[in-house]
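Colleague: I have a model open and would like to learn how to read it. Where do we start?

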Amino acid sequence: MKVLIITCSPNKKGLTAACGKMAKQGIKDGKGKAVMVRLNDLGISKCEACKNGWGSCQLKGICQLFDDFQALHKQVSEADGFIVVTPVYWWDMSESAKAFFDRLRRCEAMKDNNNVKGKPFICIAAAGGTGFGTINCLASMEKIFLHMNNLQFSDLSS
């Protein structure tokens, strides 16, 4: 199994990085293949909601903004599963995570044969300090993956 680990912190040696490294080691120990990507090393612009929000992302699953998103989107399609590690900022995920997932969601959520649907995912909120906002951050990340899987919270209970 090839697992894409995405860390989303500007801090290269903090809690988020440590969680990512441990996830990578766990995958290796389980005989899987781990590919680690640090979002803050990439240039990923925020979504511009082109053509009233439904540009080529909805029609073709391809974002028309050209930056490092395209290469990472290809890695998403090649992965068998995902681990996303973000610090908790203001009760939510990091800005780099928001930019990436806003664009990924537009490219994947409307397609029946999307690159995320049916693939397992783990979301990790690396909260420092008080830990306030951890649950809210995890819920936000979960909603993104559920949306791309065309699921709702009620689907999880059946």
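Modeller: With burial, meaning under 20% relative accessible area, exposed being over 50% and partly exposed in between (1.4 Å probe, protein chains only). In helix 5, Ser96, Ala97, Ala99, Phe100, Phe101, Arg103, Leu104, Cys107 and Glu108 are buried. Helices here are DSSP runs of H or I with at least four residues, strands runs of E with at least two, numbered from the N terminus. This is a predicted model: local features need pLDDT of at least 70, side-chain atom pairs need 80 or more, and totals for chains, interfaces and linings use all residues. Residues are numbered from 1 along each chain as its sequence is written, and side-chain values use heavy atoms, without hydrogens or water.

Colleague: What covers the buried residues of helix 5?

Modeller: Look for contact, heavy atoms within 4.5 Å. The cover includes strand 1 (2-7), helix 3 (56-60), helix 4 (69-78), strand 3 (81-87) and helix 6 (134-148).

Colleague: Is His73 buried or exposed?

Modeller: His73 is found in helix 4. His73 counts as buried because its relative accessibility is 10%. Leaving aside neighbours within four places in sequence, His73 is in contact with Gly61, Leu104, Cys107, Glu108 and Asn115.

Colleague: Which side chain makes a polar contact with the side chain of His73?

Modeller: A polar contact is a pair of N or O atoms within 3.5 Å; within protein, one must be able to donate a hydrogen and the other to accept it, and residues adjacent in sequence count only if both atoms are side-chain atoms. For His73, the partner is the side chain of Glu108, at 2.5 Å.
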